[in-house]
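Trainee: Please take me through one part of this model in close detail. I would like the aromatic rings and their surroundings.

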Amino acid sequence: MKKFIHVTRSRNAIRQLLTISFSIFGLATMAQQGQMQYYRYNDKTGINVFETSKNDTTSFTRMHVKVGANFEMTYQSLADKNTAVSLQEAPYVGNVNSLESMTPGFVLPMANLNVDVQLEDGIRVSLTAYLASRHHEETWVKGGYIQFDKLLFLHSSLVDNIMKSVTIKVGQFDVDYGDQHYRRTDGGNTIYNPFIENYIMDEFATEIGGELYYHHKSGLFAMGGVTNGELDPTALTSTKFDSATGQMNHYSAAFHGKLGFDKQVTQDFRVRLTGSFYSVSSDNSNTLFGGDRTGSHYFYVMSNAAIAKGTTLSNANDYNPFSGRLNPGFSEAVNTYMANAFLKYKGLEFFGTYENAHGRAITEFTQRQATQYAVDGIYRFPAHRENFWIGFRYNTVTAALQGLASNVTVQREAGSFGWFLTRNVMMKAEYVNQVYMGYPSNNILNGGKFNGVSLEASIAF
């Protein structure tokens, strides 16, 4: 009898557990139903989408949740060399200007988790977490924000009419400086980028603040934003001395803005022209050109073997996570602007960038300059499907770096071929050639060059 009761209770427990499991599964399935409003999708349909538009194509029925992810895996075959003189530097043992010996192989896969919630009609929340990345192997939150495209809770017809052209974003988000950050690779999210890596001087930072957008039906739009200027916010008084002002450092707000025109002129021809700026006069540690917390997708290039062997980091990828990039080191003050042009005629795309940046570190008395040019040419085919592409990118940066007597230049050419097997699955191949010019003989980048092929597979949903 006791055995019968025990078995019955066990079966009831299992039945209850199954009921709860199916209930949770059912709720999750219901949560996934419906579409996000004013939203950029994670898959192929998100390509060439910049700021979300005011086209309300989805009706709101109830709150729903969309859980998505990005996964990528890369096979790399790159080789590098330099002409820097041999240099010993304590506490490292060996020549700190020697380069890592690389071999073709797979590098660390990366993954992102995306959670989007349609809270109310015209109100959406977005959060991204890095599940695995080169710069940090552990899981952690990138940032999140709330976006208002309607303010129906105010019960004002005047406000409702204004919000037909206005978008408000508040939180910790990717600062909308320039247009390239909409086309860049972000950890496991490689779906928007027709190439393996981002620009040499990579503009990306997540900061706390707000942005206000105005869209006109003519295609004109404007944005103004203010942030704290910090990747890692702090409420502690600074203990650092600013060399330029002769006073203790203080943290001022960072301002950015964008003015542009974006219109589908004909069924086959789209034009987008934008100009944007970012400015902060005093900061704790600004990271506009070094805010990527996932790392470069060119692993180990131009990296020092002696430092790698002497590091105490548990993650061997982390001693030089931004290999192949140039950070001008504007950590205290930044004043920069960018002009972008995007033209698309049928399957042919052109994306151009001009950028001029001035800034300094807290130990400097005057500002330095960095200039960047980039041109992408992409052809997507066949017509109407555009699930294949071929592309070419030219990118060059000339910068005055702290501690160097003359300007340096880094130049890159990259050619790519890609295939969307489905709108969620992508494969691409790239050949890259990058050279370093103007570095002194005792710098590891003197006479530097790397080239080779990378193959990448990506899943996004």
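Mentor: Partly exposed covers the range between buried, under 20% relative accessible area, and exposed, over 50%. The model is predicted. Phe 381 comes out at 28% relative accessibility, so Phe 381 counts as partly exposed. Phe 388 has a relative accessible area of 25%, so Phe 388 is partly exposed too.

Now the rings themselves. The count of aromatic pairs comes to 19. One of them joins Tyr 39 and Tyr 41. Their centres lie 4.8 Å apart, with 85° between the planes, which makes the pair edge-to-face. Tyr 39 is at 12% relative accessibility and therefore counts as buried. Tyr 41 has a relative accessible area of 22%, so Tyr 41 is partly exposed. Phe 381 and Phe 388 also form an aromatic pair, and this one is stacked. Here the figures are 5.8 Å centre to centre and 20° between the planes. Both Phe 381 and Phe 388 belong to one aromatic cluster with Tyr 379, Phe 417 and Trp 419.

Charges over rings come next. Arg 40 lies over the face of Tyr 192, 3.5 Å from the ring centre. Lys 169 places its charged end over the ring of Tyr 145, at 4.7 Å from the centre.

Last, Asn 193. This residue is in the loop between β6 (166–174) and β7 (206–215). Its relative accessibility is 1%, so Asn 193 counts as buried. The Asn 193 side chain makes polar contacts with the side chains of Thr 185, at 3.1 Å, and Asn 198, at 3.4 Å. Beyond its neighbours within four places in sequence, Asn 193 has contacts that include Arg 183, Arg 393 and Lys 428.

How values were computed
Residues numbered from 1 in each chain as written. Predicted model: local features only at pLDDT ≥ 70, side-chain atom pairs only at ≥ 80, totals over all residues. Heavy atoms only, no water. Helix = DSSP H or I, 4+ residues; strand = E, 2+ residues; numbered from the N terminus. Buried < 20%, exposed > 50% of the residue type's maximum accessible area, 1.4 Å probe, protein only. Polar contact = N/O pair within 3.5 Å; in protein donor to acceptor, adjacent residues only side chain to side chain. Contact = heavy atoms within 4.5 Å. Phe/Tyr/Trp six-rings, centres within 6.5 Å; stacked < 30°, edge-to-face > 60°. Lys NZ or Arg CZ within 6 Å of the ring centre and 35° of its normal.
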